[in-house]
Amino acid sequence: MEKTPFFHALKIDEDTCIGCSHCMKICPTEALRVRDGKAVLMPDRCIDCGNCFKVCPTRSIYIEQDDFEDIFNYPVRVALIPAVFFGQFPNDITVSRIYGILKDLGFTHVLETESSIPVYTAAKNKYAAENPDIRPLISTFCPAIVRLIQVKFPGLSENLIPLRAPLDISAMYIRRKIKEEMELKDDQIGIFYITPCAAKIAAVKSPVGEEKSLVDGVINMDSLYNRVYHEIKKQGHGYKEQKLPVSQLSADGVLTSLTNGERRLSSAHHSYSIDEIHNVIEFLEKVENEEIEDVDFLELRACDQSCPGGILTCDNRFLICERVFGRARKIADRERKGEQTKDHELQEESNYLMRHMKVGEIKPRSMLVLDDNIAVALEKMKKIDEYRARLPQTDCGICGAPTCDALARDIVCEDAELTDCVFIQRNLEARGNMDVQESLKIMEVIWGKAKMNDYVKNK
Amino acid sequence: MHLEYQVYEADFVNAGAASSAIKKTLKQLNVSPQIIKRVVVALYEAEVNAIAHAYGGTIYADIEPDKITLKVVDTGPGIPDIDWAMQEGNSTASPEVRNMGFGAGMGLPNIQKNVDKLNVTSTVGVGTTVEMEVNFV
């Protein structure tokens, strides 16, 4: 099992966190607790899905990114952009106009991540044909899903397709192409990925099954959106754009960022595409039990509506979907009329890329294991059951853990006390075994001094 | 560690509940995923058998550091010829049950494939007991 810690892109700002516990309640892997009035992240459990980011009322959960000015450390500066970026802008702002603005902002090259979809699809179908015994095959397109399977469904780790994601393939391609064309060294080319979510950052900074990242930096999609929109406003209404050559992204490529986009290209007979993390968890439970038979391929995405639902996108996800879909439809039209070739930019390099497609083994890293020794784990489990039976099963969260079950587990793992439960406290008080000062002290340890004092002061 | 679950006749909606619960337990005990898979597949088959072919029953699970022992005790019609039922494709399932995708005659053979020890005892008109054991190492 993998032991090295996860890199996490999601961080908590302790200065602004008010310890409201909204994040703790929504986390699908129970990776958050409240201690001393602040949210605390358990790094082994977090999968960077970003649900906590969405519900934080004080924006105290933030996503670390590289400084935009870092791009100027490189003579050649590539923006690697997912197609969903262009779906954030109204239809009258064309893709080529945005390409122009990206160049004005300092990028020398722009490549859409999905340019590598034809190579990626070919490699996936080849892997499926060569490994007929591994079913269902699970797409590794969404890095939050890869981590979810590692921590919560370790038994399905071997079902993950051990191939580079489109983002990495595109990065590999553009680096090689620029190096050859411009006769440059590796460190003269800076490839910056514009990310729609936290999971992709984590994947870029500490890639699963890879030794080194293929990307030099990450810029959050919302911050680039602001920069681009600012330029659009400066250009004003009467702006006449010069037509810039746009990369020849195929309709298939554009659609891959949406739910079902990958599944429709798969050679599998029986496949499902499932989005939103809770839906995925529900389905994987059944797959793991082999309750669902004859499944060949699973396209799983952590966000509702896939990447348009990413936490760093800047418009309603359904509007983004419609725009991305509309763009794909136009491209498909041009492809049908022969105005745009279905051949893709990466074709010339596809032999090279196909040879460099494999990543190392994706190892399980279960968050559930109580102890490496089964006998010890069994003992702990018995204790957990005992504590669970004494807890009220209301999952109120006042103890600083998301559920009564989580508290029982935390107690056994020596990270909490049974008296953290407010029901237990009241009971002890009623029997004269605890005084109010004592239970207030416990609350203070969980929810912080300031919070408790403020309530007293207000009275 | 001892666990018990009830299953009820024709309650297909809840088929798999016991195997899911036991899976969750085994995952926390650091039992290898391959072994968990075998336990879950075998138990799910036995669970469905009690739901589809009998009038319900009780599942008993005992987890020890080196193995899990499972016992599925149903009240039901019983199996007249166990050796016959152990062969792939043989089933006494009614057409209704077959229509639901169960009763292909793969149940007992599939259990056999996934466990280290299997013992089936049955009395016609009373019920069937399926005892299974899976070693952790």
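Visitor: In what order do the strands of the open sheet of three strands in chain A run?
Guide: This is a predicted model, so take what follows as read from that prediction. The sheet is open, with three strands and parallel pairing. Reading across, the order is E7-E11-E10 of chain A.

Visitor: Which strands stand at the edges there, each with a single partner strand?
Guide: Look for strands with one side left without a neighbour in the sheet. Having a single partner strand each, the edge strands are E7 and E10 (271-275) of chain A.

Visitor: Over how many bridges do E7(A) and E11(A) pair, and what stands opposite A:Leu137?
Guide: E7(A) and E11(A) pair in the parallel sense, and the count of bridges is two. As for A:Leu137, the residue opposite, in E11(A), is A:Phe297.

Visitor: Why is helix H5 of chain A largely enclosed by the rest of the structure?
Guide: H5(A) covers residues 143-152. Both A:Arg147 and A:Lys152 are among its buried residues, along with others including A:Ile145 and A:Leu148.

Visitor: Which helix gives the largest share of the side of chain A that touches chain B?
Guide: The contact takes 20 residues from chain A and 20 residues from chain B. On the chain A side, H10 (277-288) and H13 (374-390) each supply at least two residues. The largest share is six residues, and it comes from H13(A).

Visitor: How many charged residues does that side of chain A have?
Guide: Sorted by class, the side of chain A that touches chain B has 10 nonpolar residues and three polar ones. The charged residues there number seven.

Visitor: What radius of gyration does chain A have, next to that of a compact globule?
Guide: The C-alpha trace of chain A spans about 85 × 55 × 40 Å along its principal axes. For 459 residues, a compact globule would come out near 23 Å. Chain A agrees with that, at 25 Å.

Visitor: What percentage of the contacts in chain A with a separation of 6 or more join residues 24 or more positions apart?
Guide: Chain A has 17 helices and 11 strands, and 43% of its 459 residues count as buried. Among contacts with a separation of 6 or more, residues 24 or more positions apart account for 76%.

Notes: Residues numbered from 1 in each chain as written. Chains lettered and ligands numbered in written order. Predicted model: local features only at pLDDT ≥ 70, side-chain atom pairs only at ≥ 80, totals over all residues. Contact = placed C-beta atoms within 7 Å. Helix = DSSP H or I, 4+ residues; strand = E, 2+ residues; numbered from the N terminus. Nonpolar A, V, L, I, M, F, W, Y, C, P; charged D, E, K, R; others polar. Buried ≥ 20, exposed ≤ 12 C-beta atoms within 10 Å, placed from the backbone. Pairing = 2+ DSSP bridges. Rg over C-alpha atoms; globule rule 2.2 N^0.38 Å.
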